[in-house]
Amino acid sequence: MTQSKETKTMLAMPKMLPHIQALETYEGVDPMEVMAERAGIPPEKIIRLNGNENPYGPSPKVGEVLGSYPNFNYYPDPGQRNLRRVLSGYLNVEPEKIVAGNGSDELIDLLLRMYVGVGDNVIIPTPTFGMYSFSAGICGGEAIPVERDENFEIDLEAMKAAITAKTKVIFLTSPNNPTGNLVPEAQTRALLDTGLIVVMDEAYFEFCGETAIPLLSEYRNLVVLRTFSKWAGLAGLRIGVGAMDPELSATMMAMKPPYSVNLAAEVALITSLEDTPRLLERVKQIVVERDRMMGKLQRVPGLTPLPSRANFILCQVPEGRGQVIFDGLCSRGIFLRYWGGGRLKDYIRISIGLPHETDAVVAAFAELCAEKGGEKDA
Ligand SMILES: *Cc1c(COP(=O)(O)O)cnc(C)c1O
């Protein structure tokens with residue numbers, strides 16, 4: 001096996017597909033250690049509120065059950081029989097309409113691969129979750145952004161006007177990430193009436209209680225997504241679920257990698273659903289904390305927090321100061337979500353954490369907003 005370097009470099013490799021070569025990486029959240037090192041602060045002092053993660057962690061039963069689970073030497077059930085039966089109760093939907101995925105991210109990817117090829121497009125009311133355009137790009141498709149109005153509400157007429165013969169899917173997110181507002185049912189229906197596939201991403205359902213699930217019986221082109229990452233604190237185990245027309249779900253089941261939902265995630269989901277009252281009590285605490293943070297942010301001169309139905313608040317900072325304030329927060333060991341430009345250049349998203357974290361975040365904002373150059377001269 002002594003092949004020379006020269007021989008290897010001379011090998012003519014196939015060209016990668018152009019749309020894959022052109023891909024931009026999806027920018028996920030960095031691990032705690034990385035953030036700590038960047039700020040020069042010990043990891044236990046870091047405040048990490050940039051991923052909408054659950055500050056209370058999973059149900060304590062999850063750790064117990066996983067720790068003593070005897071069957072990790074076996075593959076999970078590729079037909080997800082038990083999982084779909086249990087999820088049927090949670091979603092109030094027949095088991096055959098349900099697919100579980102490696103996070104709802106995987107379901108977005110699978111769905112797009114069913115409908116979007118090179119040259120096709122999907123429509124996204126922006127700003128919204130970044131995964132939709134990323135996954136469309138992997139299929140060789142294009143995400144057509146349709147700007148939301150000045151209140152970040154969906155512009156229905158602009159959405160309809162953006163539809164072309166190449167449009168396959170419309171993404172709706174309710175509550176929307178990062179703006180926190182719901183999609184009114186009339187808009188959902190109007191977009192479903194276009195006949196295109198409409199994905200209703202309800203990643204934050206438990207924080208608002210509003211769902212499009214009942215519309216499944218009326219519309220075969222509706223796909224509803226949920227996740228256990230946010231309300232159940234299982235982001236690191238990766239499990240999300242979709243509810244859809246049985247023909248779609250059958251195809252999705254057939255094309256998914258058979259074992260993409262690992263057994264630990266499956267066991268954790270079932271255990272979480274058995275501990276729903278406790279998890280929903282925590283959700284309630286997070287909602288109370290969100291509203292407390294809202295009040296505090298409103299009292300900081302220069303800040304305009306947007307009303308939110310989810311576990312985060314998008315906050316507008318004084319004009320032109322987004323980057324400076326974000327950097328100032330980072331150097332204090334407070335990591336929030338910032339997009340660095342465009343329409344959200346003066347907005348920062350804060351995930352709801354523990355009460356002492358709220359207090360620290362608001363205090364830091366108040367300090368940074370009061371700094372010179374913070375406000376325009378009165
Ligand atoms: C967090 C989030 C998801 C990701 O869910 P996973 O199940 O962790 O993949 C999906 N959609 C939206 C809008 C989100 O904010």
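**View 1. The largest cavity holds about 40 Å³ of space.** In this predicted model, features described locally need a pLDDT of at least 70 and side-chain atom pairs need pLDDT 80 or more, while totals for chains, interfaces and linings use all residues. Residues are numbered from 1 along each chain as its sequence is written, and side-chain values use heavy atoms, with hydrogens and water left out. A cavity is a set of points, on a 1 Å grid over the protein atoms alone, where a 1.4 Å probe fits but cannot get out, and its lining residues have an atom within 4 Å of a point. The volume is the space filled by probe spheres set on the points, which are joined across faces, edges and corners. Look for Pro76, Asp77 and Tyr259, which are among the residues lining the largest cavity. By class, this lining has five nonpolar, two polar and two charged residues. Here Ala, Val, Leu, Ile, Met, Phe, Trp, Tyr, Cys and Pro count as nonpolar, Asp, Glu, Lys and Arg as charged, and the others, Gly among them, as polar.

**View 2. The second largest cavity has about 30 Å³ of space.** What classes of residue make up the lining of the second largest cavity? It has eight nonpolar, no polar and no charged residues. Phe171 and Met252 are among those that line it. Helix H6 (104-115) gives the most to this lining, with three residues; helices are DSSP runs of H or I with at least four residues, strands are runs of E with at least two, and both are numbered from the N terminus.

**View 3. The ligand is surrounded by 14 residues.** Each has a heavy atom within 4 Å of the ligand, and the closest are Asp201, Tyr204, Thr227, Ser229 and Lys230. A ligand nitrogen is 2.6 Å from an N or O atom in the side chain of Asp201. The shell divides into four nonpolar, six polar and four charged residues.

**View 4. Three strands form an open sheet in the order E9-E10-E12, with antiparallel pairing.** Strands pair if DSSP finds at least two bridges between them. Strand E9 (304-305) and strand E12 (347-351) are the edge strands, each pairing on one side only. Strand E10 (residues 312-316) is joined to E12 by five bridges. To find your way, spot Cys315, which stands opposite Ile348 in E12.

Key: A polar contact is a pair of N or O atoms within 3.5 Å; within protein, one must be able to donate a hydrogen and the other to accept it, and residues adjacent in sequence count only if both atoms are side-chain atoms. On a 1 Å grid over the protein atoms alone, a cavity is a set of points where a 1.4 Å probe fits but cannot get out, and a pocket is an open set with protein on both sides within 12 Å along at least five of seven lines; lining residues have an atom within 4 Å of a point.
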